[in-house]
Amino acid sequence: MRFPRLTALGRILSRLARRANRVPPRLRRITVVALAVLVLAAGAATTTLDIAARQASALDQARFDAVAQARLRVAQLLTYSAATITTDIDRARQDTAGAFAQYYAPFAQQTIAPAVQQAGTSSVAAVTRAAAVSVTADTVVVIVFIDQKTSSRAQPQARSTSSTAQVTMTDVAGQWLISALTPTSNSPETQ
Amino acid sequence: MAEGTTEELAGQSDVDESDGDLAADEDSGPDGESEPHADSEPAEDGEPDASAATTVRPRPARRWLISVAALALVFVALVGAAVFLARPVLAFRADSARRAAIIAVATDVAQRSYSLSFQTFPQQSGAIIAETSGNYRQGLVSSERGLQYILTQGQVKSTCTITAAGIERDDANTATVLLSITSSVTNTQIHTPQVRYYRVAMNLERQGAKWLVESNDVIA
């Protein structure tokens, strides 16, 4: 006797099956097609939302990482001394990318380095505040407030300057590098 | 037998549901001969059941039910996943809209605050005060007449350009905006426009649907 072997689920299914037998074939086909359409629509919506969620997460992460890297790299770029200018420029070159890197390296080696060595200049820069101006997945524009102290053989007492710059950070192989740096203000020097 | 005919027969035979469970599970069930059950056993005489080859094939109604159940399950799972994924997307859009509103108010107040004219100051101050709150608002209200006097005496005119503005931090109710401002000033002493640079930090707070500036500080 097979009845004892039926599970409770089997009995329910059997009952449902018998009731389903009453459903006209046309209605069955319509039901399946309608459900299939709903599944496809839900699949498309879920895929779209998944992509949008990933993009949103990537943008949030880009904002956070790029601002943090801008603070660090802008300070590195503007910090140097006569004794270590060659290594300072090499280090700063690692902070730059794109057209800015192509401009910065020769300019730093040919113009900044001789001037710094001749005058015995040293500069210590700090980015005191930073904020994202615009964000895309691979480019973030950041406004930075820079405080810089500069001294030289002729002016041994450090002079402080405060300035503002707009920095474009570009994602290069997972690293946010400076691809543009535009000073937007420069205060008079204060001692 | 054609499917429709089988189903019609099945429908007709399904008279008593309480008793029908057992009857429906018998091979001689209402569908008749063509569709044995999946749980059919081999024939008693040890010969392979001729119907065994077809035992795995469910009845049309069961097949339909299984299809419907499977599709419904997938649909529910997809809707659940969509709801789960929609939350961060909606939150991101809300954040973007909030940041746009914050920047709009901050740049508007900055534009008005650093583009002053002794001739239009009464109108300007009213617009600035309308977008401020707290102590900053109180300070503006209390110093409005004094500032008007100073501007008029000095024939002060200034125009500004906001060169950059970004949100340093924000949450649902508060925000800090950094601005870089270039201002060009003339007065009774300075006839040729003098360029001045300002770096400004503004704190904003949300009051209802509006964002208001609660501090406007020039950072030295």
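**Note on the two-chain model**

1. Val144(A) touches Ala70(A), Arg71(A), Val74(A), Val127(A), Ala130(A), Ala165(A) and Val167(A), leaving aside residues up to four places away in sequence. Contact here requires C-beta atoms, placed from the backbone, within 7 Å of each other. Val144(A) also belongs to the largest nonpolar core, which has 55 residues. Val74(A), Val142(A), Val144(A), Ala106(B), Val177(B) and Leu179(B) touch the most other members of that core. Such a core is a set of buried Ala, Val, Leu, Ile, Met, Phe, Trp, Tyr and Cys residues joined through C-beta atoms within 7 Å.

2. Ground rules. This is a predicted model: local features need pLDDT of at least 70 and side-chain atom pairs count only at pLDDT 80 or more, while totals for chains, interfaces and linings use all residues. Residues are numbered from 1 along each chain as its sequence is written, and chains are lettered from A and ligands numbered from 1 in the order in which they are written.

3. Chain A, elements. It has 4 helices and 5 strands. From the N terminus the order is α-α-β-α-α-β-β-β-β. Helices (H or I, at least four residues) and strands (E, at least two) are DSSP runs, numbered from the N terminus.

4. Chain A, overall dimensions. The radius of gyration is 32 Å, whereas a compact globule of 191 residues would have one near 16 Å. That radius is taken over C-alpha atoms, and the globule rule is 2.2 Å times the number of residues to the power 0.38. The C-alpha trace spans about 105 × 35 × 30 Å along its principal axes.

5. Chain A, burial and contacts. Of its 191 residues, 28% count as buried. Buried means 20 or more other C-beta atoms within 10 Å of the residue's own; exposed means 12 or fewer; partly exposed lies in between; C-beta atoms are placed from the backbone. Among contacts between residues at least 6 apart in sequence, 60% join residues at least 24 apart.

6. The chain holds 5 helices and 4 strands, in the order α-α-α-α-α-β-β-β-β. Buried residues make up 24% of its 220 residues.

7. Helix α5(B). Its 21 residues should span 30 Å at 1.5 Å a residue, and the end C-alpha atoms are 29 Å apart, which agrees. The expected span is 1.5 Å times one less than the number of residues. Even so, α5(B) bends by about 55 degrees at Glu144(B). The bend is the angle between axes fitted to the seven residues ending there and the seven starting there.

8. Most residues other than glycine have a negative phi. Gln155(B) has a positive phi near 50 degrees. This residue follows α5(B), in the loop between α5 (134-154) and β1 (157-170) of chain B. Gln155(B) is partly exposed because it has 14 C-beta neighbours inside 10 Å. Ala173(A) has a positive phi of about 50 degrees. Its loop runs between β4 (159-172) and β5 (175-186) of chain A. Ala173(A) counts as exposed, with 6 C-beta neighbours inside 10 Å.

9. Pairing requires at least two DSSP bridges between the strands. Gln207(B) stands opposite Lys210(B) in β4(B). The hairpin has 2 residues between the strands, and Gly208(B) there takes a positive phi near 65 degrees.

How values were computed. Contact = placed C-beta atoms within 7 Å.
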